[in-house]
Amino acid sequence: MIIGQKLRELRESKGLLLRQIAAELEVDTAYVSKMERGEKNIKKEYIIKLAKLYDVEKEDLISLWLADKVYDMLYNEDNALKALKIAEKKLKS
């Protein structure tokens, strides 16, 4: 998971512990650990809170979060790239 790796990097660069992040999000430590390992889906509201906590642009984290969602949906699909190109055209119009 792209977003999970990024969140771990950000947390470690700030010298924060899993339990500190869990307290900020009001979840348990295991949940934060699973988010970082890509074993749990992350709510968008958590991404926004984490961006503020880590002092990074929320748009950057949301983009990674969305990229993971798209990847999960299209992984192992034969026409994934074709579908992405169609979606891109639709988003641009």
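In which helix does V70 lie? V70 lies in helix α5, helices being DSSP runs of H or I with at least four residues, numbered from the N terminus. Please note that this is a predicted model, in which local features need pLDDT of at least 70, side-chain atom pairs count only at pLDDT 80 or more, and totals for chains, interfaces and linings use all residues. Residues are numbered from 1 along each chain as its sequence is written, and side-chain values use heavy atoms, with hydrogens and water left out.

V70 counts as partly exposed because its relative accessibility is 38%; buried means under 20%, exposed over 50%, and partly exposed in between, with a 1.4 Å probe and protein chains only. Together with L81 and L84, V70 forms a nonpolar surface patch of about 270 Å² accessible area.

Let me turn to the loops. E26 is located between α2 (18–25) and α3 (29–37), and D55 between α4 (44–54) and α5. The phi of E26 is near 60 degrees, a positive value in a residue other than glycine; for D55, phi is likewise near 60 degrees. Most residues other than glycine have a negative phi. E26 is exposed, at 71% relative accessible area, and D55 is exposed, at 65%.

Technical notes:
Patch = residues over 30% accessible without salt bridge, like charges linked within 9 Å, V, L, I, M, F, W, Y side chains within 5 Å. Areas by Shrake-Rupley, 256 points an atom, 1.4 Å probe, with all protein chains shown as cover. Salt bridge = Lys/Arg side-chain N within 4 Å of Asp/Glu carboxyl O. Helix = DSSP H or I, 4+ residues; strand = E, 2+ residues; numbered from the N terminus.
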